[in-house]
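Let's walk through this structure together, one region at a time. Keep the viewer open as you read.

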Amino acid sequence: MTKQLTALITGANKGIGYETAAGLGRLGWKVGVGARDQGRRDEAVAKLRSEGIDAFPVPLDVTDDESVNAAATLLSGAGGLDVVVNNAAITGGPPVPPTASNLDTVRAVLETNVLGVVRVTNAMLPLLRHSSAARIVNMSSSVGSLTLQSNPDIQLGIGDLAYTASKTFLNAVTVHYANELSGSGILINAACPGYVATELNGFSGFRTPVEAAAIAIRLATLPSDGPSGGFFNDEGAIPW
Ligand code: NAP
């Protein structure tokens, strides 16, 4: 009998994170629903369980050391961890151009979208190192691509500094981890889910969270000879 794999998905109480948990759960995985609000977390776990998914709650605020360390302890006690999907993120509000940036907002966005990923990844790596199928997926966005942002022929539509640059930073973080983890068997990649109707953008996106979760699920379930240090959407590689 093959061992049941376990994933932690951050920000799994709604949107793309929820559907990533649901998708991995439908594959027979045990899924840790990482979420900071108890009510929203419990509701998501109950909804997943009502579908027959082996979901369990993981209290988690990615901006808080104590919370992240407690989550690692909980997962260790739950039998370990194979995959982390670093999905939690904030926009910091409606897009504003760089010259109108509020530094407190920029700091808050980086704390969640970048430092939160580093905090969670470092806390979970000791568990992942015990897995033979360890994968890390960082939910990025094509708006973080410097190649696309600096191409005048491509309209990405958002000039916001805090959010877009946080995803550029996250892409760099992904590459640095991939370099360090090369040869460890742990594969780490960045994903772009496309423009998705979620609370993040006031439900203005045209893709569904189920469609968006597909790339996270694919990168979470890569074979051992799969890529690491890449940036992907459903169609393939995205330029950094
Ligand atoms: P969403 O519906 O707003 O979900 C974001 C999730 O992150 C929520 O569960 C939220 O929890 C959680 N979160 C925020 N701060 C947190 C913290 N400090 N600790 C723990 N959880 C926290 O957004 P989404 O669209 O599904 O976004 C998921 C990912 O996809 C993000 O990384 C986003 O940047 C990326 N993405 C989205 C789009 C899009 O079009 N939607 C496009 C490209 C990339 P609460 O409910 O407690 O706030």
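The tour below goes from a strand to the ligand and then to a loop.

A word on the ground rules: this is a predicted model, in which local features need pLDDT of at least 70 and side-chain atom pairs count only at pLDDT 80 or more, while totals for chains, interfaces and linings use all residues. Residues are numbered from 1 along each chain as its sequence is written, and side-chain values use heavy atoms, with hydrogens and water left out.

Start at strand 1, residues 6–10. Helices (H or I, at least four residues) and strands (E, at least two) are DSSP runs, numbered from the N terminus. Five of the five residues in strand 1 are buried, where buried means under 20% relative accessible area, exposed over 50%, and partly exposed in between (1.4 Å probe, protein chains only). In a regular strand the side chains alternate between the two faces of the sheet. Here both faces are covered, with Thr6, Leu8 and Thr10 on one side and Ala7 and Ile9 on the other.

Next, look at the partners of strand 1. Two strands pair if DSSP finds at least two bridges between them. Strand 1 runs parallel to strand 2 (residues 30–35) over five bridges, and Thr6 faces Lys30 there. With strand 4 (residues 83–86), strand 1 pairs in the parallel sense over three bridges, and Leu8 sits opposite Val84. Together with helix 1, strands 1 and 2 form a right-handed β-α-β unit; right-handed means that, with the strands pointing away from the viewer, the path from the first strand over the helix to the second runs clockwise.

Now turn to the ligand. Its shell holds 29 residues, the closest being Asn13, Asn87, Tyr163, Val196 and Thr198; a residue belongs if one of its heavy atoms lies within 4 Å of the ligand. Helix 1 (15–26) and helix 6 (161–181) each contribute at least two residues to this shell. Which side chain places an N or O atom 2.5 Å from an oxygen atom of the ligand? That is Tyr163. Asp61 has a polar side-chain atom 3.0 Å from a ligand nitrogen. Taken alone, the ligand exposes 910 Å², of which the protein buries 95%, with areas from the Shrake-Rupley method and a 1.4 Å probe.

Finally, find Leu200 in the loop between strand 6 (187–191) and helix 7 (209–220). Leu200 counts as partly exposed because its relative accessibility is 41%. Leu200 and Thr91 are 109 residues apart in sequence, yet their C-alpha atoms are 6.9 Å apart in space.

Definitions and conventions: Polar contact = N/O pair within 3.5 Å; in protein donor to acceptor, adjacent residues only side chain to side chain.
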